Amino acid sequence: MRAAFDALGPWLNESPVAQDAEPDASAALAGQRRFRAVFISDLHLGTPGCQADALLDFLKHHPSDHLYLVGDIVDGWQLRRRWFWPQAHNDVVQKLLRRARKGCRVVFVPGNHDEFARAFVGHSFGGIEVVSDAVHTTADGRSLWVTHGDHFDGVIRCAKWLAYVGDNLYEFTLKLNRHLNTWRARMGLPYWSLSAYLKGKVKKALNYVTDFEVAVAAEARRRGHDGVVCGHIHRAEMREINGTLYCNDGDWVESHTALVEHLDGRLELLYWPATPATHVSHQIEQVPA
């Protein structure tokens with residue numbers, strides 16, 4: 001737990017009036033796309049799987065008025081077992097603080113891997129608001145409930161020890177994945193996700209994902225919202241479930257995905273670097289309860 005708090009050190013010690021090391025001229029970089037809101041989750045800073053460089057590049061090219069950090073930003077579970085904190089992870093924290101200083105409203109909704117931050121709900125660090133959940137109203141008037149989503153995970157609720165075991169297995173799969181894709185890159189083959197393949201092939205995993213999505217959408221509907229934005233399951237998705245818009249912004253371990261709101265209120269899932277989305281549904285579809 002101490003390691004997890006140490007990881008937040010830059011957040012806690014950062015002066016809100018510190019000078020921004022990044023020149024303002026960077027805002028005029030060619031290729032930037034400004035959005036009304038950006039939602040990202042499951043960065044898992046503090047683990048070798050975190051794609052910090054890709055995330056930094058994404059944030060650099062996508063300024064926004066609102067930035068929602070939808071949980072599992074820092075991986076306290078892994079940091080408790082082994083300290084891992086390279087410079088790129090510090091750079092991500094500094095980038096988020098810089099966003100807040102520049103006038104972007106940055107909202108942090110802790111997840112299960114950074115649950116230690118729930119003790120700071122109601123506080124603000126370096127201009128970053130820490131809340132248990134949030135409500136975002138789009139430019140076209142839709143109300144979106146923003147939550148990490150772990151409270152709807154039956155494993156987390158009923159057998160947290162099993163979640164820790166699963167987390168270790170997931171980290172092992174990611175390690176295998178990195179070796180596999182190093183070999184594929186040498187062979188000139190594109191990136192391929194072993195863990196995403198396994199999740200897609202295991203029927204129980206599919207049922208788990210569907211149950212999670214339906215439960216989160218149902219709770220958003222019960223609370224009177226038009227939709228929900230969540231993370232947790234590392235599966236980027238945007239679809240309608242029984243009249244409620246379900247958006248999952250994916251992760252920055254495997255998929256490099258974010259949910260964005262255009263200035264006119266349109267929502268879109270983005271990959272970074274931009275590539276054709278082959279396994280992310282951009283279409284609205286009905287799912288039985």
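The legends below describe several close-up views of one predicted protein model.

**View 1. The whole chain in outline.** This is a predicted model, in which local features need pLDDT of at least 70 and side-chain atom pairs count only at pLDDT 80 or more, while totals for chains, interfaces and linings use all residues. Residues are numbered from 1 along each chain as its sequence is written, and side-chain values use heavy atoms, with hydrogens and water left out. The secondary structure of the protein chain comes to 9 helices and 12 strands, where helices (H or I, at least four residues) and strands (E, at least two) are DSSP runs numbered from the N terminus. Of the 289 residues in the protein chain, 53% are buried; buried means under 20% relative accessible area, exposed means over 50%, and partly exposed lies in between (1.4 Å probe, protein chains only).

**View 2. The open sheet of 7 strands.** The strands of this sheet stand in the order S4-S5-S3-S2-S1-S11-S12, with mixed pairing; two strands pair if DSSP finds at least two bridges between them. Strand S4 (124-125) and S12 are at the edges, each with a single partner strand, so one side of each is left without a neighbour in the sheet. Strand S2 (residues 64-69) and strand S3 (residues 105-108) run parallel and are joined by 4 bridges, and the bridge partner of Leu 69 in S3 is Phe 108.

**View 3. The open sheet of 5 strands.** In this sheet the order is S6-S7-S8-S10-S9, and the pairing is mixed. Its edge strands are strand S6 (134-137) and S9, each of which pairs on one side only. Neighbouring strands of this sheet are turned by 20° against each other on average, direction ignored. S6 and strand S7 (residues 143-146) pair in the antiparallel sense over 4 bridges, and Thr 137 has Ser 143 in S7 as its bridge partner.

**View 4. Two residues with positive phi.** His 232, in the loop between strand S8 (227-230) and strand S9 (237-241), has a phi near 80°, a positive value in a residue other than glycine. Asn 242, in the loop between S9 and strand S10 (244-248), has a positive phi of about 50° although Asn 242 is not a glycine. His 232 counts as buried at 10% relative accessibility, whereas Asn 242 is partly exposed, with a relative accessible area of 30%.

**View 5. A cis peptide bond.** Trp 272 and Pro 273 are joined by a cis peptide bond, whose omega is about -5°. Pro 273 lies in the segment after strand S12 (267-271).

**View 6. Around helix H7.** Met 187 is found in the loop between helix H7 (160-186) and helix H8 (194-201), and at 53% relative accessibility Met 187 counts as exposed. Leu 176, which has its place in helix H7, counts as partly exposed at 39% relative accessibility.

Methods. Axes fitted to C-alpha atoms, helices over the stretch in contact; angles between N-to-C directions.
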